[in-house]
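Thank you all for coming; I would like to go through one structure with you this morning. Please have the sequence and the model open while I talk.

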Amino acid sequence: MSVPRYWREIPRRSRLETVKCSECGTISYPPRARCGKCGSSKFENYKLPEKGELMTFTVVRTPPKGFEKMPPYIIGVVKLEDGTLITSQITDVAPEEVNVNMKVEAVFRKVVEDGDSGIIQYAIKFRPVIK
Amino acid sequence: MRKVAIIGTGMTKVDKHWKKSLKELFGQAGIEALNQTNSPAIDALIVGNMCASDLSDQNNIGALLADHLGFVPNTAYRVEAACGSGGAAFLAAYSAVASGMYDVVMTGGVEKLTDGVGGNTTLSLGKAADAEYELFYGSSFVSINAMIMRYYMKHYGVPREAFADFSVLMHRNGSRNALAQLPFEITRETVLDSDMISDPITLFDCAPVGDGAAALILCPLEDAKKYSDDFIEVAGIAGATDTVDIASRESLLTFKSTVTAADRAYKMARISTADVDIAEIHDTFTITGVLSLEDLGFCERGKFHKMMMNGAFEPGGIVAVNPSGGLKSRGHPVGATGAYQIAELFLQLTGRAGKMQVPDASVGVAQNIGGSGSSTYVTVLRRV
Ligand SMILES: [Zn+2]
């Protein structure tokens with residue numbers, strides 16, 4: 001991945017910063033040019049909550065190119081406390097221990113390395129909340 | 001707008017065509033389609049394809065294929081909407097004829113997945129998903145649909161075996177299709193015991209990787225008799241979209257693009273689901289097939305298994321679903337799949353579907369999805 005391409009998504013993928021429609025309040029993650037609900041193009045900055053629960057998940061056994069060394073790993077859709085859904089990796093839990101409805105929280109982790117001289121890509125993943 | 005007819009079709013077998021290139025495959029389908037007519041001059045070629053730039057290092061496919069088929073200097077271009085490319089190309093071709101811009105248009109799709117090496121094919125197909133917010137985390141096309149399947153199973157309490165039975169039905173249908181990539185019957189155990197790709201999706205929940213091309217020739221309905229004795233009216237057609245990333249949707253239990261496109265296409269054709277005899281639906285994975293049945297209005301939500309086991313989706317039931325074997329058994333040459341579906345309906349409605357023939361079929365629906373429901377093209381064909 002090119003450095004600018006990685007860098008420009010840092011506010012979203014690493015800090016959970018996105019936008020909220022100034023007219024109707026719809027939260028959009030990722031940000032959009034126009035609100036899909038009301039058509040407004042006025043947005044304000046919005047920080048997503050860092051906790052939520054796991055809505056669904058899969059354990060990837062046959063990975064896409066670039067992720068060959070990592071299976072089995074867990075991809076999930078998390079429902080954050082404000083209702084926003086987000087796709088990410090679920091970490092710090094074994095595939096056989098992961099459960100739908102599990103409470104999870106955001107944690108900053110390495111996603112993948114581009115090879116010997118490429119960039120190391122980091123982003124928010126989600127891990128089970130430790131009780 | 002003018003009414004539009006299909007006057008000829010051609011399809012290659014879906015297979016791993018190691019010896020044939022992209023243009024040879026489409027050439028074969030195109031010539032077959034021309035031979036079903038009295039070979040009118042083609043004013044434009046509009047072809048669907050997804051992966052050629054990744055896997056065959058080839059863009060500019062419109063001109064390449066127009067040259068191969070001797071259509072130079074007429075208009076030619078490629079349409080891309082991931083796995084929905086064939087359906088999208090058909091919609092563009094329909095619009096071109098209906099509007100009066102062109103009279104005779106060849107459309108269709110071609111895909112050459114076996115030109116990909118190593119993980120390149122998986123990567124290329126994965127590009128149907130959102131690169132920044134899905135692929136970035138190591139999602140593949142399969143893993144996104146696996147998450148939808150798990151959610152569906154939990155929400156409705158549907159057991160995993162029910163999906164295996166959908167695959168069994170597709171293979172039973174496809175065993176009668178000479179052009180199918182996997183023309184053999186399987187059992188529930190074949191699906192359950194096959195390799196786990198991305199839980200809960202196993203290998204036999206997935207459409208196979210293969211090459212293929214399908215071509216269709218369109219003209220104004222009022223001119224159809226001039227070119228062919230067998231022609232079928234395109235009675236309704238619509239495309240619709242949804243968000244590319246699934247997390248931006250209100251529900252993971254429906255592909256709204258299918259609901260919207262079907263609603264618009266049925267209205268245009270002035271039909272209801274009860275009028276439909278055959279449906280060629282987009283079952284990239286068993287879960288995709290099940291959601292499609294529901295979104296097209298053929299099945300109560302969460303209830304497919306009992307209905308299916310009672311024959312609801314076979315001839316004589318509610319609707320004959322994928323007599324071709326669908327993506328699961330006929331195969332899924334991605335950018336060509338939408339064209340295959342429409343070509344198969346054309347053969348059914350003209351009574352030339354051989355062992356696959358659904359008796360007395362007069363209305364058929366094709367549903368072609370791009371990505372995981374991010375776009376859908378629904379086409380209604382009617383015997384005239
Ligand atoms: Zn709004």
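This is a predicted model: local features need pLDDT of at least 70, side-chain atom pairs count only at pLDDT 80 or more; totals for chains, interfaces and linings use all residues.

**A hairpin, an interface and a serine**

Let me start in the hairpin of β5(A) and β6(A), which has four residues between its strands, and where A:Gly83 takes a positive phi near 95°; helices (H or I, at least four residues) and strands (E, at least two) are DSSP runs, numbered from the N terminus. Residues are numbered from 1 along each chain as its sequence is written, chains are lettered from A and ligands numbered from 1 in the order in which they are written, and side-chain values use heavy atoms, with hydrogens and water left out.

As for β6(A), six of its six residues are buried, that is, under 20% relative accessible area with a 1.4 Å probe, protein chains only.

Now to the interface. How many residues does each chain bring to the contact? Chain A gives 38 residues and chain B gives 32, with contact meaning heavy atoms within 4.5 Å. Together the chains bury about 3000 Å², 58% of it on carbon and sulfur atoms, where buried area is the accessible area (1.4 Å probe) that two parts lose on being put together, summed over both. Of the area that chain A buries against chain B, A:Arg13, A:Lys65 and A:Thr87 supply 19%, more than any other three residues.

The rule finds six salt bridges across this interface, each being a side-chain nitrogen of Lys or Arg within 4 Å of a carboxyl oxygen of Asp or Glu. A salt bridge joins the side chains of A:Lys37 and B:Glu250, at 3.7 Å from N to O. Among the elements that give two or more residues to the side of chain A that touches chain B are β5 (73-80) and β6 (85-90) of chain A, but β4(A) gives the most to that side, with six residues.

Finally, in chain B, B:Ser194 lies in the loop between α8 (188-192) and β5 (196-198). B:Ser194 is buried, with a relative accessible area of 13%, and, not counting residues up to four places away in sequence, B:Ser194 touches B:Glu189, B:Thr202, B:Leu203 and B:Phe204.

Conventions: Buried means under 20% relative accessible area, exposed over 50%, partly exposed in between (1.4 Å probe, protein chains only). Two strands pair if DSSP finds at least two bridges between them.
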